[in-house]
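Subject: Handover of a structure and findings

Dear colleague,

Please find below the structure that I am handing over to you. My findings follow directly after it, and I would be grateful if you read them alongside the coordinates.

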Amino acid sequence: MAAPHQETKQGQVSISPLLKRLAYPATEVQVSATEIAAAFALIFEDGLSQIQTAALLTLLHSTGLDRDAEVIAKCSHRMREAAVQVDKAALKAAMKSRGKKEGQYRGGLCDIVGTGGDSHSTFNISTTSSIIASPLLLTAKHGNRAQTSFSGSADVLQAVAPIPPKIDAVTAENLSKVYAATNYSFLFAPNFHHGMRYADTVRRGLGLRTIFNLMGPLANPVDWAIEARVVGVAYQSLGPVFVEALRQNGCKKALVVCGAEDLDEISCAGATNCWRLSEYPNAAYKQPENEDDECSCDEDQNPRTLVKMEMFQLHPSDFGLKAYPLTEVFGRKMPKDNAEKLMSILRNELPRDDPILSFVLQNVAALLVTSGICEAETSNMGPGDDGQVVTERGPGGGRWKEGVRRARWCIESGAALRSFEHFIEVTNQL
């Protein structure tokens, strides 16, 4: 059902009837998530005036509909539809060529991202974590410049010295070429979501958090190829909302996290609330002959498995790590400072018990566990790997300590640094 509209003199569309129904919900038929998503599709086509875009965002915020799981799911779906599309066959071929399948990880792309807006201004945890995980997982870090922090994911990468990756060179047209050469890629949002430029001025002018802040983590332009993801949310109430939005979008491997301090990462200071989507076998499924079992995560979904949702808490001790107060990982610094810290971690220059390193290791481990790679009963990561799999299970049945063991190997073996250097080299040659 399309949003009610009429043509304006400027050739744009008026959604005044929809706005009135949002403003006066008690007197009209309830507005559906489908109608709201249809209105959002107009934004990405420059089909709405800035005034009506501002009104739509404000009304969604004031009514709380911008925190409704179905609204978030359907609006992010329209945002992905409007993005520049990647050649699926070429990307699947590149992913398959990397041969990263291990344990219950099938070799699909993985992402770790936060909604931002938690006011804690910690170090760039998700960006650093995505790089560290890349020797073992194909990672597709979707990000942008800072919106609610001092140093966004794009900002810190562009501040890397002496030669930063050329993130604005990675496009839908050459993404498969990047993955043919390396396990890591950064998908710079403006290169894929061209329609967002029609909303940027309004977002800045409003000066309040809008549904776009919540859609971002669900708007990865290669969402169909994402096998597993970790999503941090800034408020406890968003946890169940986000995991339901992910489920409605067809996700089967996801971990939504919120530190007890309303932190959009796994906290190094204490408890973290977790909402997880995980797979279990579909007993009714019968596998056709000659079915390709590689990287079976795509828009058709994987009929071999069903999905369940569970909630639990994690603590640094579940990872075998000490707890540190957030004041020791305070990141209210500029991109250059955070880039130096990122490279110091990748070069294995920090003590093993460094607070920021421990903070990062927890979040890397969470992505590794969520992917299913930690379910492997053997380990042969490469030089420096002692092969001693940690089979101990913690909350939610996860092998969190095995995740930390693998994350440490990625750093201490130099594999994470080499992976990032390959990405820098590839992007500067595009």
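In what follows, a polar contact is a pair of N or O atoms within 3.5 Å; within protein, one of the two must be able to donate a hydrogen and the other to accept it. Please note that the model is a predicted one.

By that rule, the side chain of glutamate 279 is in polar contact with the side chain of threonine 305, at 3.0 Å. A further polar contact, of 3.1 Å, connects the side chain of glutamate 279 with that of arginine 106. Glutamate 279 belongs to strand β8, which covers residues 272–281.

Turning to the overall organisation, the chain is split into domain 1 (15–20 + 30–82) and domain 2 (88–193 + 200–281 + 304–429). Domain 1 contributes 23 residues to the contact, and domain 2 contributes 21 residues. The centres of the two domains, taken over C-alpha atoms, are 28 Å apart.

How much area do domain 1 and domain 2 bury between them? The value is about 1,900 Å², with 77% of it on carbon and sulfur atoms. On the side of domain 1, Ile72, Met79 and Arg80 together account for 32% of the area buried against domain 2, more than any other three residues.

Arginine 80 forms a salt bridge with aspartate 223, and their closest N and O atoms are 3.8 Å apart.

On the side of domain 1 that touches domain 2, the elements giving two or more residues are α2 (33–44), α3 (50–63) and α4 (69–82). Helix α4 provides the largest share, with 10 residues. By class, this side of domain 1 comprises 12 nonpolar, 6 polar and 5 charged residues.

Finally, the structure contains 6 aromatic pairs. In the pair of phenylalanine 44 and phenylalanine 212, the ring centres are 6.3 Å apart and the planes stand at 70°, so the pair is edge-to-face. This pair links distant parts of the chain, 168 residues apart: phenylalanine 44 is in helix α2 and phenylalanine 212 in helix α11 (residues 211–215).

Yours sincerely

Note on methods: Residues are numbered from 1 along each chain as its sequence is written. This is a predicted model: local features need pLDDT of at least 70, side-chain atom pairs count only at pLDDT 80 or more; totals for chains, interfaces and linings use all residues. Side-chain values use heavy atoms; hydrogens and water are left out. Domain bounds come from an automatic or database domain assignment. Contact means heavy atoms within 4.5 Å. Buried area is the accessible area (1.4 Å probe) that two parts lose on being put together, summed over both. A salt bridge is a side-chain nitrogen of Lys or Arg within 4 Å of a carboxyl oxygen of Asp or Glu. Helices (H or I, at least four residues) and strands (E, at least two) are DSSP runs, numbered from the N terminus. Ala, Val, Leu, Ile, Met, Phe, Trp, Tyr, Cys and Pro count as nonpolar, Asp, Glu, Lys and Arg as charged, and the others, Gly among them, as polar. Rings of Phe, Tyr and Trp (its six-membered ring) pair if their centres lie within 6.5 Å; planes under 30 degrees apart count as stacked, over 60 as edge-to-face and the rest as tilted.
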